[in-house]
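Welcome, and please take a moment to look over the structure below. The report after it goes from the whole chain down to single residues.

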Amino acid sequence: MVEEKTEQRSVPLGAIARAVGGQLTGDASLVVADVTHDSRQAQPGSLFVAIKGAQFDAHQFIAQVLAQGAVGVISVRERPADFAGAWLRVADARAALAQAAAEVHGHPSRELQVVGVTGTNGKTTTAHLVAAMAEAAGHKVALLGTVGHRIGREKIETEHTTPEASDVQRFLRRAVSADCTAAVMECSSQALDLHRCDALEFACAAFTNLTRDHLDYHQTMADYFNAKRRLFDGRTGAKPRAAVVNVDDPYGVELALEIERGGGRGLRYALSNEADVTAHDLDVGFGGMSFNLRTPYGERVVQSPLVGRFHVYNIIAAVACGLTLGYELDVLTRAVEGCAGAPGRFERVAQADGFAVVVDYAHTDDALSNVLRTAREVTRGRIITVFGCGGDRDRSKRAPMGQAAASLSDMVILTSDNPRTEDPAQIFADVEAGLRAVGKSYLQLVDRRTAIHRAIAEARSGDVVLVAGKGHETYQIIGTQTFHFDDKEVIREALTARQG
């Protein structure tokens, strides 16, 4: 367990009002011990930030949080005439949440080497690699990401890739109190857009790539890119001290030029274009890969248990981050050799009867294409792909995912991912437009367990079975209910049934 030695901080409400630039009505000397947007977390000494979200309006919980001991409220609204407590009116409640939480928790990012990783694909593996490098360099590390959060070796459950700003600041203060000296965090586009990464000081920020995803939220690729750029251009409060950018990606090229024009420093990385950090002579097998790493600080032959060209991008991104932080090149390469990556990212679950089974989180057409190309590199037989698309999410990527699966697989089984409240028939129809465009036959099996069992039953010696879309997830959301469902468990169950 993490040793809890966090001292209770207390900040006058007037100091918070000055930090967030708000208009305070009430007692400026009131002492604030915590900041929260979640009414369930409110307790004596809390400052409650009332945010109107897509589904809930937190203003309805104001009476509740005051009864729980909250000392005041931050809101974009005028103070109600009948409200007797402290009220801090601000222009943007989410931005104020970040600034107020940073103030109350003493700006913990200033006491850590914080690395932020953003991009459509590769964030999780890159973050895990950077964390491994920081540990190899002698740091105790905190990690915030898609597959969970941890402080040192303690795992902490989470609901979001990047939690709300108040939770991030609280987490980082806890990390400092547990003697961490570095932190690595994934910064999703929605989190950046919603100010969850504001009021943090990044030692390094990395951009992996930008491909179609989350357009249900951002609407256009331009808006999606604009959200990612927040991590680099100072809109979060401060520019990162160094930036690492993939210049094989056209958005990355644009971003790198913007950073350089603004006087920023950092490293470019790429496999195809000229860059500071590159890799050559890639040799890939099902058990891992090797390549020649070239950097401004020398060259090394790198061995990695990870598989695939897309993982080479993740490795050289992490190496570039490590170099900007001042880590020795030999330390970085040793960390790569010992890091198995993140759960659910081209994770080899089993090899039986001469065939292999892999799970991967790929849930965009670009990610699915990358994983399938990797599978093609390491198999002498067929590729059998089981995949679906999430419901109530970006529909524009469904047909391209179907096209990628059909183009690069020998057998496709279309199934459910997390249908949520959307009719699976509608999801299938969207995906099938891409499948039919290729003209290859496929199976439809709505039940994911049935689909995985069918794929395992169909496999022959030399084949690779790819179960895509959920990766590390251990649940399935159907309607409004969440059920336990772990692709890896079901794969092992299917292998047992096949052998029995």
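## Before you start

Residues are numbered from 1 along each chain as its sequence is written, and side-chain values use heavy atoms, with hydrogens and water left out. Because this is a predicted model, local features need pLDDT of at least 70 and side-chain atom pairs count only at pLDDT 80 or more, while totals for chains, interfaces and linings use all residues.

The term pLDDT stands for the predictor's confidence in each residue, from 0 to 100. Averaged over the protein, pLDDT is 93, and 96% of the residues score at least 70. Residues 1–7 are a stretch to treat with care: pLDDT stays under 50 there, and the model has 13 contacts for them beyond four places in sequence (contact means heavy atoms within 4.5 Å). Where pLDDT is low, the predicted coordinates should not be read in detail.

## The overall fold

How many helices and strands does the protein have? The secondary structure comes to 16 helices and 26 strands. Both are DSSP runs numbered from the N terminus: helices are H or I with at least four residues, and strands are E with at least two.

The protein has a radius of gyration of 24 Å, close to the 23 Å that the globule rule gives for 500 residues, so it is as compact as a globular protein of that length. That radius is taken over C-alpha atoms, and the rule is 2.2 Å times the number of residues to the power 0.38. Along its principal axes, the C-alpha trace spans about 75 × 55 × 45 Å. Among contacts with a separation of 6 or more, 68% are between residues 24 or more positions apart.

## Surface and charge

Of the 500 residues, 58% count as buried. Buried means under 20% relative accessible area, exposed means over 50%, and partly exposed is in between, with a 1.4 Å probe and protein chains only. The accessible surface comes to about 20100 Å², and carbon and sulfur atoms hold 47% of that surface. These areas come from the Shrake-Rupley method with a 1.4 Å probe; for residues, only the protein chains shown count as cover.

The protein carries 54 positive and 62 negative charges, and their mean positions are 1 Å apart. Lys and Arg count as positive and Asp and Glu as negative, with His and the chain ends not counted. Each charge is placed at NZ of Lys, CZ of Arg, CG of Asp or CD of Glu.

Strand β18 covers residues 298–304 and includes Val302. Glu299 lies in strand β18 too. Is Val302 buried or exposed? Val302 is buried, at 2% relative accessibility, whereas Glu299 is exposed, with a relative accessible area of 52%.

Leaving aside neighbours within four places in sequence, Val302 is in contact with Met289, Ser290, Phe291, Leu293, Thr333 and Val336. Under the rule that leaves out residues up to four places away, Glu299 touches Leu293, Arg294 and Leu329. Val302 and Phe56 are 246 residues apart in sequence, with their C-alpha atoms 50 Å apart in space. For Glu299 and Lys488, the separation is 189 residues in sequence and 38 Å from C-alpha to C-alpha.

Ala404 sits in helix α13, which runs over residues 398–408. With a relative accessible area of 8%, Ala404 is buried. Beyond its neighbours within four places in sequence, Ala404 is in contact with Asp365, Ser369 and Leu372. Ala404 and Val438 are 34 residues apart in sequence and 8.9 Å apart in space, C-alpha to C-alpha.

## Residues in the loops

The loop between α3 (93–104) and β8 (113–118) holds His107. Although His107 is not a glycine, its phi is positive, at about 45°. His107 counts as buried at 14% relative accessibility. Arg110 is also in the loop between α3 and β8, but Arg110 is exposed, with a relative accessible area of 52%.

Arg420 belongs to the loop between β22 (411–414) and α14 (424–438). Its phi is near 55°, a positive value in a residue other than glycine. At 18% relative accessibility, Arg420 counts as buried.
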